[in-house]
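Hi everyone, and thanks for making time this morning.

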Amino acid sequence: MNLLTPEQIAVAQKANLETWFGLTNKAFEGIEKFVELNLQAAKSTLAESQENAHRALSVKDAQELLSLQASLAQPGAEKVLSYGRQLYEITSATQAEFVRVAQAQYDEQSRKVQALVDNVAKNAPAGSETAVSVWKSAITAANTTYETVQKATKQAVEIAESNFNAAATAASKAAQQAAAQASHAAKK
């Protein structure tokens, strides 16, 4: 008994190839965005470094230098946090696309397995109901396990995102406090 025809195999191979190229393109889009972000960050950092160097060379005393340093602390920390957020967004978007494709593949395979089980159950010889029932139970258990892992993974990602946002907020507040303290110290 031949389960798959050559045409079905060709269709499956074509679909798999399309999926692979689609994911490869998404990966390259993510890399492209990452490179663009790094180039923008490098250009911005270079321009700001040049401006800050000129400002530092024009200070007249230590008090003015401390004030300049204090004024640079918070914007620098905020730029680092912004870069981290943008990097996280690029990574998350790329990862989400991979998850979406994996879910679609899983759903399609589950549908095919269920159709196969249903077909086997219809054509099973008399007396094999117990074996078919065990097979269906095993598939249901596997699907339930997959769904449980998927939910746990989603929760872990949400917790990680929440923790990242909380850490970014805390770091921003700490940078503001440090800048205020440095500014206050420079005025003394």
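Let me begin with a question: which residues does L81 touch, not counting residues up to four places away in sequence? Keep that in mind while I give you the background.

What you see is a predicted model, where local features need pLDDT of at least 70, side-chain atom pairs count only at pLDDT 80 or more, and totals for chains, interfaces and linings use all residues. Residues are numbered from 1 along each chain as its sequence is written, and side-chain values use heavy atoms, with hydrogens and water left out.

How confident is the predictor? The pLDDT is its confidence in each residue, from 0 to 100. The protein has a mean of 84, and 91% of its residues reach 70 or more. Confidence is highest in α1, at 92, and lowest in α3, at a mean of 77.

Now the overall picture. The protein has three helices and zero strands, in the order α-α-α along the sequence. Helices here are DSSP runs of H or I with at least four residues, strands are runs of E with at least two, and both are numbered from the N terminus.

The C-alpha atoms fill a box of roughly 95 × 30 × 10 Å along the principal axes. The radius of gyration is 29 Å, while a compact globule of 188 residues would have one near 16 Å. That radius is taken over C-alpha atoms, and the globule rule is 2.2 Å times the number of residues to the power 0.38.

Let's look at one helix pair. Helix α1 covers residues 6-57 and helix α2 residues 62-123; their axes come within 10 Å and cross at roughly 175 degrees. Axes are lines fitted to C-alpha atoms, for helices over the stretch in contact, and angles run from 0 to 180 degrees between N-to-C directions. So α1 and α2 are roughly antiparallel to each other, a label for angles over 145 degrees, with under 35 counting as roughly parallel, 65 to 115 as roughly perpendicular and the rest as oblique.

Back to L81, which is found in helix α2. L81 touches A168, A171 and S172, where contact means heavy atoms within 4.5 Å. L81 is buried, with a relative accessible area of 16%. Buried means under 20% relative accessible area, exposed over 50%, and partly exposed in between, using a 1.4 Å probe and protein chains only. Along the chain, L81 and F98 are 17 residues apart, and their C-alpha atoms are separated by 26 Å.

Also in helix α2 is E97. Is E97 buried or exposed? E97 is buried, at 19% relative accessible area, and its contacts beyond four places in sequence are L23 and K26. Across the protein, 11% of the 188 residues count as buried.

Finally, W135 sits in helix α3, residues 129-187. W135 is partly exposed, at 35%, and touches V117 and V120, leaving out residues up to four places away in sequence. V120 lies in helix α2 and is partly exposed too, with 31%. From V120 to A56 there are 64 residues in sequence and 80 Å in space, C-alpha to C-alpha.

That's my tour, and I'm happy to go back to any part of it.

Technical notes. pLDDT = per-residue confidence, 0-100.
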